[in-house]
Number of protein chains: 2
Amino acid sequence: MRKRNAALTESDRIANIERKKNMAITVVGSVAYDSIETPAGKRERCLGGAATHFALAASFFTDVRVIAVVGEDFGPRQEAIFTKHNIDTRGIERAAGKSFFWEGSYLDNLNEAKTHRTDLNVFASFEPKIPAEYSDSEFLFLANIDPVLQRRVRESMPGVKLVAGDTMNYWINDHKPALLEVLKGLDILLINDTEARSLAGENNLVRAAHSIQAMGPKTLVIKHGEYGASLYSAEDENGTKCFKIPGLPLEEVVDPTGAGDSFAGGFFGYLASQKQHTAATYRTAMFYGSVMGSLAVERFGTERIASLDGAEIDARFETFRELTHLG
Amino acid sequence: MRKRNAALTESDRIANIERKKNMAITVVGSVAYDSIETPAGKRERCLGGAATHFALAASFFTDVRVIAVVGEDFGPRQEAIFTKHNIDTRGIERAAGKSFFWEGSYLDNLNEAKTHRTDLNVFASFEPKIPAEYSDSEFLFLANIDPVLQRRVRESMPGVKLVAGDTMNYWINDHKPALLEVLKGLDILLINDTEARSLAGENNLVRAAHSIQAMGPKTLVIKHGEYGASLYSAEDENGTKCFKIPGLPLEEVVDPTGAGDSFAGGFFGYLASQKQHTAATYRTAMFYGSVMGSLAVERFGTERIASLDGAEIDARFETFRELTHLG
C-alpha cells in the first residue's frame with residue numbers, strides 16, 4: 001500500500017486523509033549529498049537536498065514528482081529511496097559531473113547550520129525541464145533555489161491549482177527583486193522567523209506576516225524552530241487569521257537538516273490529498289507539517305522519514321493533539 | 001458580582017469556573033511603583049509589583065490575600081485598586097518611608113527590561129507577617145522575592161494545599177542554596193526560558209525541565225515570551241507529561257511589565273477555583289494564564305487587568321482556543 005490509509009477512530013475525523021491519485025505535487029529543488037556533524041554524531045555524504053526531504057515527506061500523503069539535476073554519483077541505490085515511495089523521478093536529470101554537495105555542522109547551535117562547504121557541481125548550470133507527464137500536476141512546490149529558476153518553473157506550469165514555495169536569507173538579501181517576482185505567483189510561502197523579519201524589514205512577526213502577505217502569498221507559514229510554527233491566512237469564514245502549533249518537546253535533536261522541507265512536505269502533501277481547502281484543512285496541514293518535521297530530526301538526513309510507516313505518523317499526530325488540546 | 005461567572009455554552013465545559021469562597025490564595029511579594037518606558041510611551045510611578053499584578057489577575061478567579069510592605073506614598077487611591085477587586089489587604093504592612101520603586105525601559109527589546117533604577121526603600125527590611133485571618137488559605141503563591149523570605153512564609157503556612165512560586169536570575173545565580181531550599185517546598189514553579197536554562201545548567205529545555213522537577217516542584221511552567229509557554233507535569237493518567245500553549249499574535253505589546261505575574265495569577269487563580277486538579281484542570285489553567293498575561297501587556301502597568309470584565313476573559317479564552325484547536 002503506497003499511500004497511508006490508517007485505521008482511524010471516529011474522533012479522528014481530522015486525520016481523514018483522502019487518497020487522490022491525480023492530485024499530484026511537482027516539486028523543483030535540490031537533490032544532493034550532505035555531510036553533517038551534530039552533537040549526536042556525524043554522517044558522510046548522505047542523501048539530502050530540499051526536493052528529496054520534501055518529496056519523501058509528501059509521498060505519505062499524495063503522488064509526488066521531482067524536478068532536479070544530479071551527477072554521475074547518483075546511482076540506483078539513491079534512486080531506490082525515491083521509487084520505494086513511488087516518487088516520480090522522470091524529472092531528475094542526469095548530468096555529467098558530481099551532484100550538489102553540502103557540508104555543515106550544528107555543534108554550537110542546533111537551530112542554525114554552520115556551512116563548511118557548498119559545491120554546486122551539476123546544480124550550477126541547472127535548467128529545470130518539466131517532463132510532459134508532470135503537466136497535469138495540480139500542486140507545485142518551489143523548494144529553496146534561485147528565484148529565477150523558481151519563476152521559470154512556475155510560468156511553465158500555468159495549470160497548477162496551488163503553488164507553495166520556500167526561500168532563504170541569501171535570496172532575500174541579495175536577489176530580492178527576483179524573489180519579489182516569485183512571491184507574486186505564490187499562494188503559500190513557508191519561511192522561518194529570521195527570514196520573515198528580514199523579508200519584511202520588520203521585527204514584530206505579526207506585522208511582518210501581514211507585510212509579506214501583501215507581497216503575494218495569501219497564506220504564510222512562519223516556522224519558529226523549537227517553538228513551533230504559525231499559519232497566517234486570509235480572513236476565513238470564522239474571521240480567524242492565525243493558527244499556531246508549538247514545537248514538540250524533544251530531549252534530543254539528532255539532525256535538523258531537512259526539518260523545514262519535511263514540514264513543507266507534510267503540510268503541502270496533506271493539502272494536496274484533500275478535495276476541499278477550508279480553514280480546518282489548513283490547520284490539519286499545520287499538524288501534519290509539524291508531525292513530519294519533528295520526525296525528520298530524530299535521525300540523520302532522510303533516515304527517519306525514508307523508513308517511516310503510516311502508524312508512526314498517526315501516533316505523532318495524536319501526540320501533537322495531546323500537547324495542544326484542552327480536552 | 002465579584003467573581004466571574006460568565007454565561008458559557010455547552011461546549012465551553014472547560015471554562016466552567018467554580019466559585020469557592022474558601023479556596024483563597026495568599027500571595028507574598030512586592031507592591032511597588034514602576035516608572036516604565038516602552039516603544040508605546042511612558043508612565044511615571046504607576047502601581048506595580050509582582051504581588052499586585054498576581055493578585056489582580058487571580059482576583060477574577062478566587063479570593064486573594066496579599067502579604068507585602070508599602071511606604072507612606074501608598075494611599076487610599078492605590079488601596080482602592082485592590083479593594084475594588086475584593087483583594088484582602090490586611091497583610092499589606094504600612095511602614096515609614098517610601099514604597100519599593102523600579103524604573104526600567106524596553107526600548108530595544110520588548111522581551112527583556114533594562115533596569116535604570118531600583119530603590120528597595122521599605123522593602124529592604126521587609127519581614128513578612130501573616131495575619132491570622134489568612135491562616136486558612138489553601139493556596140500560597142510566593143512571588144519573586146528573596147528566597148529566604150519565600151521559605152519563611154512557606155514554613156509559616158504549613159496548612160496550605162498547593163504552593164506555587166516564581167524566581168529570577170539574580171536569585172538563581174547569587175542565592176542558589178537558599179533558592180534550592182525553597183524549591184523543595186514548591187508544588188509548582190513558574191519561570192522563563194533563560195531562568196530554566198540557568199537553574200538547570202542545561203540548554204535543552206526538556207532536559208532542563210526534568211532536572212528542575214527533580215529539585216522539588218513536580219509541576220513546572222516555562223514561559224517562552226512571544227512563543228507561549230510549556231507545562232511539564234508528573235506523569236498523569238494519560239501518560240502526558242507536557243502541554244503547550246503558543247503566544248497570542250500581537251501587533252503591539254504596550255508594556256510587558258507584570259505579564260509573567262498576570263500569567264501566574266490566571267494560572268494559579270484558576271487552579272484555586274477548581275475542586276479537582278486533573279491533567280485537564282492544569283491545561284485549562286495554562287489557557288487562563290495565557291489569557292491574563294496576553295491581556296496585561298495591552299496597556300501600561302495594571303491598567304488593563306484592573307479594568308477588565310469577565311466577558312473579555314471569556315473572549316480571549318476563545319481566541320486562544322481558535323488559535324490552537326483543530327476543530
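A: One term to begin with: a residue is called buried under 20% relative accessible area, exposed over 50%, and partly exposed in between, with a 1.4 Å probe and protein chains only. At 41% relative accessibility, Arg94(B) therefore counts as partly exposed. The model is a predicted one, in which local features need pLDDT of at least 70 and side-chain atom pairs count only at pLDDT 80 or more, while totals for chains, interfaces and linings use all residues. Residues are numbered from 1 along each chain as its sequence is written, chains are lettered from A and ligands numbered from 1 in the order in which they are written, and side-chain values use heavy atoms, with hydrogens and water left out.

Q: What does Arg94(B) meet in a salt bridge?

A: Its partner is Glu79(B), at 2.0 Å from N to O, where a salt bridge is a side-chain nitrogen of Lys or Arg within 4 Å of a carboxyl oxygen of Asp or Glu. The pair links distant parts of the chain, 15 residues apart, with Arg94(B) in strand E5 (residues 88-94) and Glu79(B) in helix H2 (residues 76-83) of chain B; helices (H or I, at least four residues) and strands (E, at least two) are DSSP runs numbered from the N terminus.

Q: How many salt bridges are there over all chains?

A: The count comes to 42 by this rule, and four of the salt bridges found lie across the interface of chain B and chain A.

Q: Which residues form one of those across the interface?

A: Arg283(B) forms one with Glu322(A), the closest N and O atoms being 3.4 Å apart, and Glu322(B) meets Arg283(A), also at 3.4 Å from N to O. Glu322(B) lies in helix H11 of chain B and Arg283(A) in helix H9 (residues 279-296) of chain A, so this pair joins two chains.

Q: Is Arg283(A) buried or exposed?

A: Arg283(A) is buried, with a relative accessible area of 7%, whereas Glu322(B) is partly exposed at 32%.

Q: How many residues are in contact between the chains?

A: 36 residues of chain B are in contact with 34 residues of chain A, contact meaning heavy atoms within 4.5 Å. The area buried between them is about 3,000 Å², with carbon and sulfur atoms giving 54%; buried area is the accessible area (1.4 Å probe) that two parts lose on being put together, summed over both. Tyr227(B), Glu251(B) and Leu326(B) supply 27% of what chain B buries against chain A, more than any other three residues.

Q: Changing topic, where does Gln213(A) lie?

A: Gln213(A) lies in helix H7 (residues 205-213) of chain A, and at 15% relative accessibility Gln213(A) counts as buried. Leaving aside neighbours within four places in sequence, Gln213(A) is in contact with Lys218(A), Leu220(A), Tyr232(A), Ser233(A) and Ala234(A).
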